[in-house]
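Me: Could you go through this model with me? I would like to begin with charged pairs and then move on to other contacts.

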Amino acid sequence: MITKTAEHTVIGTRPPRADAFEKVVGKAVFGPDVNLPRMAYGRILRSPHAHARIVRIDPTRAEALDGVYAVATAADLPEAADRTERVGEGNVNYKYMRDNTFAGDKVLYHGHPIAAVAARTLQIAEQALELIDVEYELLDPVLDVRQAMAADAPLLHEGMHTRSLAGTADTPSNVASQFQFLQGDPEQGFAQADVVVERAFETAMVHQGYIEPHAATAAWDADGTLTVYTTTQGAFDIRSQVHELLGYPLSKIIVVPTEVGGAFGGKNVGYVEVPAAVLARKSGRPVRVVMTREEVFLASGPSSGTWMRVKMGATREGRITAAEVELCYEAGAYPGSPVGAGANCILAGYDIPNARLDGYDVVVNKPRVGAYRAPGATQSTFAGEAVIDELAEKLGLDPVEFRLRNIATNGMPRLNGGFHEHIAAREVMEAVRDHPHYNAPLERGTGILRRGRGVGLAYWGNWGARSSVTLEVNADGTVSMLMGSVDITGTRTSIAMQAAETLGLSLAHINPAMGNTQTSGYSDASGGSRTTMATGVAAVKAAEEVIAKMHERAAAIWVCEPEQVAYTNIGPDAGTFTCSRNDETMTFAEVAAKLGGTGGALRGQGDVNVRRWGGAFGANIADVEVDIETGSVRLLRFTAVQNVGKAIRPGQVEGQLRGGATQGIGWGLYEGYAYDGQGHMLNANFLDYKLPTALDVPAIETEILEIPWPEHPFGVRGVGETPIVGPPAAIANAVYDAIGVRQGFLPMTPARILESMGII
Amino acid sequence: MNFSYGYRAPDTIAEAVRLLQEGGSGARPLAGGTDLLVQLRHGIRQADLLVDLKRIPELSAVRYDPADGLTLGAAVPCADVADHPDIRAHYPALVDGAGIIGGSAIRQRATVGGNLCNASPSGDAIPPLIVLGAEAEIAGPNGSCRVPVSSFCVGPGLHLLDQGEMLVALHLPIPSPRSGSCYLRFTPRGEMDIAVVGAAAWLQLDESLSYIEDARIALSAVAPVPLVAETAATWLIGRPADSESFAQAGRLAQETARPIGDVRGTLPQRLHLVGVMTRRALQGALRRAKGETIDG
């Protein structure tokens with residue numbers, strides 16, 4: 001059929017984003033911008049306690065307030081199925097999701113939603129919240145993952161029993177599940193080792209920090225169709241959630257995705273869509289619910305805090321002989337931490353003949369975690385790469401050389417049971433070894449300011465899944481493109497580029513748009529670094545169908561067989577049909593102009609479920625300067641290297657590498673949830689939950705490697721998640737290099753640095 | 001939570017005083033609003049009338065007189081303060097403080113007077129005003145008066161203004177010869193942050209530029225109010241202007257500080273940083289007293 005060679009005319013170029021102008025001039029409609037006639041304003045009542053039994057909820061006084069249209073609680077939701085499904089990059093049990101939408105008999109974290117109010121104004125809704133009477137019976141909170149795992153810990157869910165391959169435990173526990181990966185004989189492996197390093201690590205719960213809060217507007221038509229406008233990564237995922245929690249047919253629910261002001265995994269699960277829908281139904285008005293920043297921190301889906309232990313051994317020759325890993329991840333209030341993905345990614349880049357890994361998914365009195373860019377991998381990689389670094393140091397080897405001696409290669413069995421295919425861990429580490437940054441001299445300093453350099457190797461597995469793209473040819477030869485994927489990363493542009501390349505047309509010929517659940521084919525969420533890859537496959541398939549159908553139309557015009565028509569999508573004659581019967585040519589536009597007379601509308605449809613995909617290795621080099629009097633860490637230079645398969649739009653890929661690194665820098669140095677002893681979050685704002693600012697992040701250098709994933713038409717691998725995985729590890733290793741003290745905590749705040757040095 | 005307020009923007013101090021007096025406890029002066037509006041939104045402060053002071057000419061004026069010093073209107077934005085050539089030349093610690101409040105956009109609105117009246121223990125403009133010997137000019141129903149800025153704040157978020165009184169201007173004396181000042185704060189981030197500990201220092205050297213003739217030190221975020229480190233400053237008088245003296249002053253400042261531990265900093269961290277930041281602020285003040293330029 002259509003095979004493109006390396007000679008690309010659209011792919012690899014740097015056109016402006018299709019959505020750029022609307023966003024620059026402030027006209028793009030984001031979730032909180034949706035405004036409907038007669039719309040009411042919704043607000044949510046939240047628990048001030050981290051762990052309590054709800055004795056009584058009485059909304060009578062709130063309902064009586066002038067201007068209040070409706071009050072909703074868990075009593076307005078049907079029972080939900082005790083069934084777990086994949087949503088975006090994580091799993092969701094609908095029974096738990098119901099309890100997390102409106103608390104049932106217990107509140108399980110500070111900020112847990114209890115009820116919602118729709119009113120004429122936001123102010124009235126706020127006042128009404130204060131008039132809902134809730135009586136609590138306080139329970140002891142469990143805030144620490146190891147404390148939660150103790151046999152005598154207070155239980156969040158009295159009926160929860162640890163699940164594992166061995167079955168279900170007899171006694172209830174806060175450990176929702178546990179698993180073990182085993183390879184070779186770890187005991188024998190450690191016996192062979194000349195050097196063994198063992199360390200424990202802790203990381204704080206972190207938030208994605210998207211600027212746009214969660215926002216949904218729900219409206220019911222007279223015929224019972226529910227339309228929900230919302231800021232999400234996956235319109236169809238939200239539709240499934242609303243369907244399950246309301247017990248309402250999928251066909252009667254339309255989810256319209258808005259532009260998204262940052263998501264990073266945090267907008268796969270809905271928090272305000274169902275409350276908005278219930279309030280809209282009860283009030284007979286459209287209802288908009290927008291979270292405040294405080295609510296976003298308290299009650300959306302941050303990433304797990306963790307406790308981890310890593311032990312590794314190696315021979316004097318620098319070969320790793322064994323690893324033993326323990327990963328304990330906070331799930332928050334309901335099961336579902338990304339400990340499995342953390343286990344898949346830790347030490348994925350190394351050949352480790354003997355290894356054992358134990359993973360635990362543990363509930364604590366904090367918000368239920370969600371996906372956050374490479375969920376679970378950043379935490380475990382921080383631990384794994386610190387121990388790798390220390391082993392190299394103990395062996396007197398350059399840390400990059402030590403990694404290369406043990407680097408994973410194709411065909412090698414992975415600890416999680418699979419095999420590496422078409423990976424490029426070696427090429428990535430060699431790119432680090434040869435990079436000017438790694439070879440630049442570093443003045444270390446002997447006074448107050450000490451400098452160091454560190455590296456980290458990172459892996460994320462990526463995803464494929466379902467995507468749908470429709471291309472319709474217009475009479476002027478242009479093409480309208482509709483995709484079911486939500487555009488969170490310039491997707492309209494990167495998908496249109498793949499369609500244009502396949503069609504042999506310029507990008508200007510394609511007008512791409514996001515569909516909704518009524519207009520476009522089923523598409524999984526834009527997550528798991530899947531979209532440019534899998535939706536790209538759908539676009540290529542749709543474009544190939546367009547070309548095939550255009551052959552038939554051209555044949556009808558020429559009165560020949562379609563087999564006698566050829567189309568070229570490459571070179572100077574790209575976009576031209578030729579007929580072998582009469583040697584005539586027609587352009588794509590000339591055939592398009594006659595669609596009306598040759599059969600009517602012409603659409604190409606690409607519906608795919610991509611079941612195989614390639615993971616992505618990346619690495620970071622960090623130079624830091626530590627002020628040993630204040631504990632402050634300043635980044636002097638930072639480099640991100642990654643194998644991306646093929647960079648469809650290199651500027652966007654560089655943006656992903658820089659953006660991921662920036663979030664990783666925040667995670668490494670600044671960001672972390674803080675709680676008091678009763679489980680009240682202390683920093684639910686952007687002043688005290690510290691994202692890095694422009695002054696804190698250096699210009700991040702990027703090096704893109706293009707070692708293709710052979711099963712994608714253009715070789716694309718997922719890009720967006722690997723970039724966050726390595727930075728905390730690289731920074732921690734650089735801090736050690738600067739001050740000679742290993743760091744066991746994230747974030748590495750100035751106070752923690754001073755404490756580690758014994759200064760305070 | 002109340003989202004609706006009355007708004008008045010008088011042209012004269014007398015009219016503003018009258019509005020504030022008549023408005024009672026629900027009337028609040030408004031300058032840049034970068035603290036007040038956020039506090040109202042979060043229910044931390046209440047108001048039913050905002051009296052905007054920015055249209056009163058005296059409150060938006062900056063006047064430097066070599067014989068009389070600086071008169072800084074209470075509603076002058078931090079950005080204008082930090083950019084003002086006379087302030088940059090003569091009151092560098094104030095430039096240090098006004099130049100790091102919030103971020104660049106916030107400083108176009110936020111005022112030094114507002115920073116003082118917000119009376120936060122971590123207010124970045126307050127320790128510089130204290131070490132520069134500033135006085136606050138207050139207008140009220142009974143006329144006007146001046147009080148030292150060092151006694152203006154009486155608790156977290158609390159100051160000594162009575163109902164109907166307002167801050168009109170800040171008066172800073174002419175700089176002594178061979179003097180220099182500096183304010184430094186410690187924050188995890190480079191900007192858009194709040195002091196974990198801040199230290200302002202002012203030094204006057206003898207004619208040899210080797211000994212300290214006079215000194216003042218003030219600290220932020222280590223007590224319920226911006227704190228004068230009197231013992232440390234007094235100890236410095238007559239001492240050599242060198243790192244040993246400054247280190248000892250830092251230790252004495254630590255004894256004065258009464259920090260708490262909270263989400264922004266642990267107690268041991270704050271105590272430790274008082275020593276470090278005091279020493280570094282003194283070093284900065286010394287360099288400026290000697291006529292050297294340091295990064296603001």
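Me: Which residue forms a salt bridge with B:Arg107?
Reply: This is a predicted model. In it, B:Arg107 forms a salt bridge with B:Glu191, and the closest N and O atoms are 3.1 Å apart. The pair links distant parts of the chain, 84 residues apart. B:Arg107 belongs to helix α6 (residues 104-107) of chain B, while B:Glu191 lies in the loop between β11 (179-186) and β12 (197-205) of chain B.

Me: Is B:Arg107 buried or exposed? And what about B:Glu191?
Reply: B:Arg107 is buried, because its relative accessible area is 10% and the limit for buried is under 20%. B:Glu191 has 22% relative accessibility and therefore counts as partly exposed.

Me: Why would such side chains pair at all?
Reply: Side chains of opposite charge can pair when their charged atoms come close.

Me: What does B:Glu213 form a salt bridge with?
Reply: Its partner is B:Arg178, with the closest N and O atoms 3.6 Å apart. This pair also connects distant parts of the chain, 35 residues apart: B:Glu213 is in strand β13 (residues 212-220) of chain B, and B:Arg178 is in the loop between β10 (166-172) and β11 of chain B. B:Glu213 counts as partly exposed, because its relative accessibility is 37%. B:Arg178 counts as partly exposed at 26%.

Me: How many salt bridges are there over all chains?
Reply: A search of the whole structure finds 66. One of chain A's pairs is A:Glu326 with A:Arg309, whose side chains meet at 2.9 Å, N to O. A:Glu326 is in strand β18 (residues 320-332) of chain A and A:Arg309 is in strand β17 (residues 306-314) of chain A, 17 residues apart. A:Arg309 counts as buried because its relative accessibility is 17%.

Me: Which residues are linked in a network of salt bridges?
Reply: The network links A:Arg199, A:Glu385, A:Asp389, A:Glu390, A:Glu393, A:Lys394, A:Arg403 and A:Arg742.

Me: Let us turn to the interface. How many salt bridges lie across the interface of chain B and chain A?
Reply: The rule finds five salt bridges across that interface. One salt bridge joins the side chains of B:Arg264 and A:Asp688, at 2.6 Å from N to O. On the side of chain B that touches chain A, helix α11 (residues 267-289) of chain B gives the most, with seven residues. By class, that side of chain B has 10 nonpolar, four polar and seven charged residues.

Me: How much area do chain B and chain A bury between them?
Reply: They bury about 2100 Å² between them, and 60% of it is on carbon and sulfur atoms. The contact takes 21 residues from chain B and 28 residues from chain A. Nine residue pairs between chain B and chain A are in polar contact, counting pairs with both residues at pLDDT 80 or more.

Me: New topic: how many aromatic pairs are there over all chains?
Reply: The count comes to 15 aromatic pairs. A:Phe297 and A:Tyr689 form a tilted one, at 4.9 Å centre to centre with 45 degrees between the planes. The two residues are 392 residues apart, with A:Phe297 in helix α9 (residues 293-299) of chain A and A:Tyr689 in the loop between α18 (650-669) and β30 (700-705) of chain A. Both A:Phe297 and A:Tyr689 are buried.

Me: Why is the pair of A:Tyr459 and A:Phe617 tilted?
Reply: The ring centres of A:Tyr459 and A:Phe617 are 4.6 Å apart and their planes are at 40 degrees, so the pair is tilted. A:Tyr459 lies in strand β20 (residues 449-460) of chain A and A:Phe617 in strand β28 (residues 616-627) of chain A, so the pair ties together parts that are 158 residues apart in sequence. A:Tyr459 is buried, with a relative accessible area of 7%, and A:Phe617 counts as buried at 2%.

Me: Which residues do ring pairs link into a cluster?
Reply: The cluster consists of A:Phe297, A:Tyr673, A:Tyr675, A:Phe686 and A:Tyr689.

Me: Lastly, where does A:His51 lie?
Reply: A:His51 lies in the loop between β1 (40-46) and β2 (52-58) of chain A. A:His51 is buried, with a relative accessible area of 3%. Its side chain makes a polar contact with the side chain of A:Lys106, at 2.9 Å.

Notes. Residues numbered from 1 in each chain as written. Chains lettered and ligands numbered in written order. Predicted model: local features only at pLDDT ≥ 70, side-chain atom pairs only at ≥ 80, totals over all residues. Heavy atoms only, no water. Helix = DSSP H or I, 4+ residues; strand = E, 2+ residues; numbered from the N terminus. Buried < 20%, exposed > 50% of the residue type's maximum accessible area, 1.4 Å probe, protein only. Polar contact = N/O pair within 3.5 Å; in protein donor to acceptor, adjacent residues only side chain to side chain. Contact = heavy atoms within 4.5 Å. Buried area = accessible area lost by both parts, 1.4 Å probe. Salt bridge = Lys/Arg side-chain N within 4 Å of Asp/Glu carboxyl O. Nonpolar A, V, L, I, M, F, W, Y, C, P; charged D, E, K, R; others polar. Phe/Tyr/Trp six-rings, centres within 6.5 Å; stacked < 30°, edge-to-face > 60°.
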